[in-house]
Amino acid sequence: MKILIIHGPNLNMLGLREKSIYGENTLEDLNRKIQLYADTLSIEVDFFQSNSESDIIEKIHASENIYYGLIINPAAYTHYSIAIRDALSSISLPKLEVHLSNIHAREDFRKKSFTAAVCDGQISGLGLNSYILALHYFHLLKK
Ligand code: DQA
């Protein structure tokens, strides 16, 4: 089983940006920990990070025939990108939206997700474990 993990804008700045919210892990640390966990579940993972809405949309379109499912942290695009929402709803793969921080406990503008409604679900606020639980979801789906 192969899963695509998409990290949206500014997640390349993890470890430097707002550490009190996002923690000390760099994106490389995060990906390494996800990878180690995926190995224990015999799940293959590919990682993609982009700050560009258009690149994320192209990647979503291209994922349909390659991956079993998709885990996406759309980052700030969560809160306003109808284009990413439409890209997600145009593919039939199972998909989960994840967030490191609890978007429902932060500023009001973060409480609205344009993308969650077209995903199977949303996992928010568990840091690295948001991604780990998302991997478990696919593991359970496959059983
Ligand atoms: C985030 C939450 C978003 O509101 C924010 O814009 C991000 C990261 C998270 O993982 O907690 O960049 O998606």
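## Ligand shell and selected residues

The shell around the ligand consists of five nonpolar, four polar and three charged residues. In this division Ala, Val, Leu, Ile, Met, Phe, Trp, Tyr, Cys and Pro count as nonpolar, Asp, Glu, Lys and Arg as charged, and the others, Gly among them, as polar. The model is predicted, so local features need pLDDT of at least 70 and side-chain atom pairs count only at pLDDT 80 or more, while totals for chains, interfaces and linings use all residues. Residues are numbered from 1 along each chain as its sequence is written, and side-chain values use heavy atoms, with hydrogens and water left out.

**Ligand site**

The residues that surround the ligand are Arg17, Tyr22, Asn73, Ala75, Ala76, His79, His99, Leu100, Ser101, Ile103, Arg106 and Arg110. A residue is taken as near a molecule if one of its heavy atoms lies within 4 Å of it. Polar contacts (pairs of N or O atoms within 3.5 Å; within protein, one must be able to donate a hydrogen and the other to accept it, and residues adjacent in sequence count only if both atoms are side-chain atoms) are listed below.

| Side chain | Ligand atom | Distance |
|---|---|---|
| Asn73, N or O atom | oxygen | 2.8 Å |
| His79, polar atom | oxygen | 2.6 Å |
| His99, polar atom | oxygen | 2.8 Å |

On its own the ligand has 320 Å² of accessible area, and the protein covers 98% of this. Accessible areas come from the Shrake-Rupley method with a 1.4 Å probe, and for residues only the protein chains shown count as cover.

The ligand sits in the largest pocket. Pockets are found on a 1 Å grid over the protein atoms alone: a pocket is an open set of points with protein on both sides within 12 Å along at least five of seven lines, whereas a cavity is a set of points where a 1.4 Å probe fits but cannot get out; lining residues have an atom within 4 Å of a point. A molecule sits in one of these if more than half of its atoms lie within 2 Å of its grid points.

**Positive phi in loops**

Most residues other than glycine have a negative phi. Asn10 is not a glycine, yet its phi is positive, at about 75°. Asn10 belongs to the loop between β1 (2–7) and α1 (19–22); helices (H or I, at least four residues) and strands (E, at least two) are DSSP runs, numbered from the N terminus. The relative accessible area of Asn10 is 37%, so Asn10 is partly exposed. Here buried means under 20% relative accessible area, exposed over 50%, and partly exposed in between (1.4 Å probe, protein chains only).

Ser42, also not a glycine, has a positive phi of about 55°. Its loop runs between α2 (27–40) and β2 (44–49). Ser42 counts as exposed because its relative accessibility is 62%.

Ile5 is part of strand β1 and is buried, with a relative accessible area of 0%. From C-alpha to C-alpha, Ile5 and Leu88 are 13 Å apart in space, and 83 residues separate them in sequence. Leu70, in strand β3 (residues 69–73), counts as buried at 0% relative accessibility. Leu70 is 36 residues from Ile34 in sequence, with 14 Å between their C-alpha atoms.

Met1 lies in the segment before β1. Met1 is partly exposed, its relative accessible area being 24%. Its C-alpha atom is 6.0 Å from that of Tyr68, 67 residues away along the chain. Asp39, in helix α2, is partly exposed at a relative accessible area of 46%. The C-alpha atoms of Asp39 and Ile60 are separated by 23 Å, with the two residues 21 apart along the chain.
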